[in-house]
Amino acid sequence: MTTTMKKLSLALVALSLSGLVGCDADIDKVQPSRQVIPTVNVSELPRLDHYIQQAFAKKYNVDIAYRYDDKVTDRRYLLAPIKENKALEYLNLIDYMFFQVYAASTPEGYLQTHTIKYLNLFGSSGYAIDRRMAGAAPQGMIWIYNINELNTQYTKDVRENYISTLFHESAHTLHEERAYPPEFDKLSSLEYQKQDAFSYWWRTGKNAGYAGFVSDYASTDADEDFAELFAYYVLDSDSEWAERLKAAEGKNRTDAKYTGREIIEKKVAIMKAYLHSEYSADLDKIRAEAQKRLPKVATMDFTQYPKGY
């Protein structure tokens, strides 16, 4: 799948994504260095659009849309447009907690090439008869919902509903460009539950952590396992990560070779080596930068335009 979000729903329903079909072979190839943003005359843009063009499109090579467009929404859900002031607040937040994290911790050009490329912002959650969606990731885009309710005073909510998704999706970008080692997949190959990932664990009474997963959603398949692990490892505090590992100290099957904790630790080791060898990136540096910034979020004002905009 092109990307499926780190916890794409509070009820959590993953959307299966498909790539482009029927395209010219050269066009269809992954071209991570390609500029996704055309050059525009920023002097003619409204203030928020000018900010997006200069501070995000030009600087980070990411396309961000905030105006409601019925053609690029999921019509199964009732969605509200984003308020302009909340769009500004969210943009400032992700600049600080996502883009600047990568800018400070990865090699030059990594951020512009190997992270997210398209963001679409919505004001409300996606409401349907039986569920409430926190976001989605269709056709290479990332849709972030419920931004009108963003309150940066609540760090846990900010992390889980507004930031984690971006790190999750940036991890998908990595393995879509260059495959992670097959050893990662093999560690939990018998435990992936596909679309049954959420109901399987409570229905059977088994523990996803004991199977080597940091969340139920991670047990969907190896790609979601990789992306979930990446986001949790980067954003969990030291104490939260230690508690997560402790909770995975067990086995669902008596014949299992490793405990869940041992599997998770082996996966992290593979992920670190993969980032270093394939992208010259240090996962622990990314984590350290995120951990340095996250506790400061609740004390910061993200509601104003930066100087110069």
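Phe 122 is buried, with a relative accessible area of 1%, where buried means under 20% relative accessible area, exposed over 50% and partly exposed in between (1.4 Å probe, protein chains only). This residue lies in the loop between strand S2 (118-121) and strand S3 (126-127); helices (H or I, at least four residues) and strands (E, at least two) are DSSP runs, numbered from the N terminus. The model is predicted, so that local features need pLDDT of at least 70 and side-chain atom pairs count only at pLDDT 80 or more, while totals for chains, interfaces and linings use all residues. Residues are numbered from 1 along each chain as its sequence is written, and side-chain values use heavy atoms, with hydrogens and water left out.

**Buried loop residues and their partners**

- Phe 122 touches Tyr 68, Val 72, Thr 73, Leu 79, Ala 80, Ile 82, Trp 143, Ile 144, Tyr 145, Asn 146 and Ile 147, not counting residues up to four places away in sequence, contact being defined as heavy atoms within 4.5 Å.
- Phe 122 and Ala 65 are separated by 57 residues in sequence, and their C-alpha atoms are 9.2 Å apart in space.
- Tyr 66, found in the loop between S1 and H3, counts as buried at 10% relative accessibility.
- With residues up to four places away in sequence left out, Tyr 66 touches Leu 48, Asp 49, Ile 52, Ile 82, Ala 87 and Leu 121; from Tyr 66 to Leu 119 the separation is 53 residues in sequence and 8.4 Å in space, C-alpha to C-alpha.
- Val 297 sits in the segment after helix H11 (283-293) and is buried, with a relative accessible area of 0%.
- The contacts of Val 297, not counting residues up to four places away in sequence, are Leu 93, Tyr 96, Met 97, Thr 152, Val 158 and Phe 302; one of these, Val 158, is 139 residues away in sequence and 8.8 Å away in space, C-alpha to C-alpha.

**Positive phi at two asparagines**

- Most residues other than glycine have a negative phi, and most peptide bonds are trans.
- Asn 61 has a phi near 60°, a positive value in a residue other than glycine; Asn 61 is placed in the loop between helix H2 (47-60) and strand S1 (63-65), and is buried at a relative accessible area of 2%.
- Asn 146 has a positive phi, near 65°, and is likewise a residue other than glycine; Asn 146 lies in the loop between strand S6 (142-144) and helix H5 (155-177), and its relative accessible area of 17% makes it buried.

**Packing of helix H8**

- Helix H8 (residues 222-235) packs against helix H9 (residues 238-247) at an angle of about 135°, with the axes 8 Å apart; axes are lines fitted to C-alpha atoms, for helices over the stretch in contact, and angles run from 0 to 180 degrees between N-to-C directions.
- H8 and H9 are therefore oblique to each other, since angles under 35 degrees count as roughly parallel, over 145 as roughly antiparallel, 65 to 115 as roughly perpendicular and the rest as oblique.
- In this pairing, Leu 229, Tyr 232, Tyr 233 and Leu 235 of H8 meet Glu 240, Trp 241 and Arg 244 of H9, giving five nonpolar, no polar and two charged residues; Ala, Val, Leu, Ile, Met, Phe, Trp, Tyr, Cys and Pro count as nonpolar, Asp, Glu, Lys and Arg as charged, and the others, Gly among them, as polar.
- H8 also packs with H11, at an angle of about 50° and with axes 7 Å apart, which makes H8 oblique to H11.
- Phe 230, Tyr 233, Val 234 and Leu 235 of H8 form that contact with Leu 283, Asp 284, Ile 286, Arg 287, Ala 290 and Gln 291 of H11, and by class these residues are seven nonpolar, one polar and two charged.

**Nonpolar core**

- The largest nonpolar core has 76 residues, and those with the most contacts inside it are Tyr 90, Leu 93, Leu 121, Phe 167 and Phe 230; such a core is a set of buried Ala, Val, Leu, Ile, Met, Phe, Trp, Tyr and Cys residues joined through side-chain atoms within 4.5 Å.
- Helix H3 (residues 84-105) supplies the largest share of this core, twelve residues.
- Phe 230 touches Tyr 102, Phe 167, Ser 170, Ala 171, Leu 174, Met 271, Leu 275 and Leu 283, not counting residues up to four places away in sequence.

**Whole chain**

- The protein chain has eleven helices and six strands, and buried residues make up 51% of its 309 residues.
- Among contacts between residues at least 6 apart in sequence, 73% join residues at least 24 apart.
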